[in-house]
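Let's take a walk through this model together. Have the coordinates open and follow along.

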Amino acid sequence: MSMMQEFKEFAMKGNVMDLAVGVIIGGAFGKIVESVVADLIMPVVALIMGGKLDFSGMFLVLGTVPEGVATTLDALRKAQVPVFAYGNFLTILVNFVILAFIIFIMIKQVNRLKRNEPPAAPAAPPEDVLLLREIRDSLKK
């Protein structure tokens, strides 16, 4: 079997295609959650915290700032001053917590729906099994 045939067989398996669809939808869903956090949740957090609060701009300077360099995160990074930029991490952490909670709720609902389904009736035995049972029963007589 050639490598291309082998690759085609691998790529066309159901699991690989399902995984690809899941990754694509997951990426799009991640952007939705990122927008929810940045556009809906963070403004409310800022209001509660008493003013303008942008987590992505929160940092601690770990070195000395050269004269004439602004104390913004971008300017400090361009000047190669070591900074502990924890604000972006906090934003990503909030994104993760929200995403994990949404996935938890979705899985919980799917499991609840599965439990409410009546158990499937056992499938009828194949015809050859029925014939073998008839033969067995007639031999017993």
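A word on confidence before anything else: pLDDT is the predictor's own confidence in each residue, on a scale from 0 to 100. This is a predicted model, and the protein averages a pLDDT of 82, with 95% of the residues scoring at least 70. Confidence is highest in β2, at 92, and lowest in helix α2 (residues 14–48), where the mean is 80.

Now go to helix α4, which runs over residues 86–116. Its 31 residues reach 45 Å from the first C-alpha to the last, close to the 45 Å expected at 1.5 Å a residue. Which residues of α4 are buried? They are Gly 87, Thr 91, Asn 95 and Ile 98. As for that spacing, an α-helix has 3.6 residues a turn, so residues three or four places apart point the same way.

Step back to the loop between α3 (73–78) and β2 (83–84), and you'll find Gln 80 there. Gln 80 isn't a glycine, yet it has a positive phi of about 60 degrees. Most residues other than glycine have a negative phi. Is Gln 80 buried or exposed? With a relative accessibility of 72%, Gln 80 counts as exposed, because the cut-off for that is over 50%.

Last stop: salt bridges. The count comes to 1, and you'll see it where the side chains of Arg 136 and Asp 137 meet, at 3.4 Å from N to O. Both partners are partly exposed: Arg 136 has a relative accessibility of 44%, and Asp 137 has a relative accessible area of 37%.

Terms used. Residues numbered from 1 in each chain as written. Heavy atoms only, no water. Helix = DSSP H or I, 4+ residues; strand = E, 2+ residues; numbered from the N terminus. Buried < 20%, exposed > 50% of the residue type's maximum accessible area, 1.4 Å probe, protein only. Expected span 1.5 Å × (residues − 1). Salt bridge = Lys/Arg side-chain N within 4 Å of Asp/Glu carboxyl O.
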